[in-house]
Amino acid sequence: MQALAEAAGKFVFFIGLIVLNIAAILTWVERKQSAVMQDRIGANRATIFGIRMLGMFHMLADMLKLFTKEFFIPMGARRFVYLLAPMISLLFALVGFAAIPFGDTLILGGREIPLQIANVNIGILYIFAVLGMAVYGVVLGAWASNNNYALLGGLRASAQMLSYEVAIGVSLVGVIMVYQTVDLMEIARAQGQLLWGWLPQWGILLQPLGFLIFMTAGIAETKRIPFDAPEGESEIVGYFIEYSGMGFGMYFLTDFLETILIASLTVTFFLGGFQVPYLYADGFHFPWGQAILLPNIAVAALQFLSFLIKLIVLLFIMMAIRWTLPRFRYDQIMHLGWKILLPASLINILITAVVLTIIG
Amino acid sequence: MLLHFAAPFIFVIVAAAFIALNLLISRLLQPRVPSAGKNTTYECGEIPIGSSWVQFNIRFYVITLIFVIFDVEIVFLVPWAVVFKDLGWFAFVEVVIFVFILLVGLAYAWRKGDLEWDKPETGKFARDAAPQLFEEVGTERQQTVQEVTL
Amino acid sequence: MQEILFFVLAAVAVLSALGMLLNKNPVYSVLLLIVTLFSIAGLYVLLNASFIAAVHLIVYAGAIMVLFLFVIMLLDIRADVEHINLKRLSRILALLATFIFLGETFLIIWMSLKGKAAFVGLGEGILGDVPSVGELLFTKYLLPFEIASVLLLVAIVGAIILAKRKLRPEPPAA
């Protein structure tokens, strides 16, 4: 019973308060950042009592709009699957967050609470399974819509997602080899150790090629702009073309949640997770001998904050990539996935294996 | 052990409840005014012709098949990666053989052109496709066309 | 607790499998089969075999079922398909497979009634998690592992050749 309450509480805190809010803010960032990059003003119309807040109220307005618009089922659609598809899509986007470690252990009133919703001992495989399920929301929505554009978009999306899943999987094998575990919490903890006594053992330093491959394949998996052939706004719109109101809203939210999920995974695997350099369970221990001791709650707060800052910086970079690169052609997308990223990630495994065996 | 998996299970239920709540709120707030025009298939205002189903390229299917095989490969690589440091060179050689055999498969698919997708047939510039057209127009126009068709 | 979970999961697995067989719409059949696969993965978790559970979801639910959906979309099998006309040979084979399966089930029940374990359970302390599977795979079951790679190679080559022979010579779509 206590485990149940704990899991539900963590859901409300991590998903309800953190992840969903970041997703909402991202919709605003996406518009405002692009405006700044393109020398425009961007979203600034929505006000509450004359307060503009740089147009931040647009996300509230968008949300209200999505809630109050009619969600109708177009003619010829397969009703049941049509309604089910966006729910499946959103569900699996949410479920992925269960394995992300947002921080190390927090001790509250003598109870140890790991700052991770579910400590699954098959971590990476769990993430991999959840990412694989994302295809269903897309394919089913496309098929149920009874629309040429939707079907075409769904096909493109699913083939693209499958192709890049391979690259994601193989690049993660490199991470597993270095840290010798598939548990995400353990991977995050291992990144707190130091190399040669001063360099934090972050994944990006031990697996630089793996980081690049994972990041690229991750962006492709979210179908964001350089890889948006399946949902090009100016071209075929995508598998959600027939969706209105909350149905579209759910696909929209899934899109942002997947972006946050990929960013959180990148942080966990490659950017040290929740680790702050030289911060240990009892406070800072610098390599030059100085130590600042901190209570557990301060350490947990610092770790959580560090995770959030890394996540936000990474999301900002992903958004900047989105507004910098033009869309790839579909043949270029498939070429990159199968002929560059897959061989590169296999070579990455070989290099890692040789190096690890030699230094033993 | 079971407790590890109780949390994701509860998580799925809470997430599903969250989605259902969203839909319910939206259902209560939204108007429901169906009309024939609104319910037609969206094709930029045109009335759709024929079935929504298109004969799609067999490549999509072949890619999925190749994906299934590499998916299985990743599944085999994961347990190796975890225990690899303890097993040393021997396991390393085993996996190199394993990966090499699969690379032969990838090379085969590559060679047979199953990883190739349709590319635009014109060369790098539209000028190469229809040179005589470009000779007729002035240089300024030529540049514009070149930029546009790129 | 464990028993309740087992019976719930088993019931879901059997019912959705039945639904898969009886449903006329192939897409619904695929969806129900996915439900079956999920509940079987749950059963694996109950058996402490978390690695197999994950692999089951990744390979079957995540990859092979997508392939099934693709085939259904490729052929555009409509909801109102007429009942499939089984050839005589297929009927005989189907009957044969059913009898083999029934026989095996009977054997298991009979042996467990006689007090002999028909199958070897996981010993105490042996977990089906990733490191233990890895160690066994690369020491004791080395040959099957390498043969699996050859099998996968054959599968790739077979897929490509089949796709070429059956569907390539048709007029290319614009």
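In chain A, three strands form an open, antiparallel sheet in the order S5-S6-S7. Two strands pair if DSSP finds at least two bridges between them; helices (H or I, at least four residues) and strands (E, at least two) are DSSP runs, numbered from the N terminus. The edge strands, each pairing on one side only, are S5 (279–280) and S7 (291–293) of chain A. S5(A) pairs with strand S6 (residues 283–285) of chain A in the antiparallel sense over two bridges, and A:Leu279 has A:Phe284 in S6(A) as its bridge partner.

This is a predicted model, in which local features need pLDDT of at least 70 and side-chain atom pairs count only at pLDDT 80 or more, while totals for chains, interfaces and linings use all residues. Residues are numbered from 1 along each chain as its sequence is written, and chains are lettered from A and ligands numbered from 1 in the order in which they are written.

Chain A is divided into domain 1 (1–68) and domain 2 (77–359), with bounds from an automatic or database domain assignment. Their C-alpha centres lie 20 Å apart. Within chain A, 18 residues of domain 1 are in contact (C-beta atoms, placed from the backbone, within 7 Å) with 16 residues of domain 2. On the side of domain 1 that touches domain 2, H1(A) provides the largest share, 16 residues.

The contact between chains A and B takes 57 residues from chain A and 55 residues from chain B. H5(A) gives the most to the side of chain A that touches chain B, with 13 residues.

A nonpolar core is a set of buried Ala, Val, Leu, Ile, Met, Phe, Trp, Tyr and Cys residues joined through C-beta atoms within 7 Å; buried residues have 20 or more other C-beta atoms within 10 Å of their own. The largest such core has 189 residues, and those with the most contacts inside it include A:Leu125, A:Val173, A:Ile176 and B:Val78. H5(A) gives the most to this core, with 21 residues. Leaving aside neighbours within four places in sequence, B:Val78 is in contact with A:Leu125, A:Val173, A:Ile176, A:Val182 and C:Val130.

Terms used. Contact = placed C-beta atoms within 7 Å. Buried ≥ 20, exposed ≤ 12 C-beta atoms within 10 Å, placed from the backbone.
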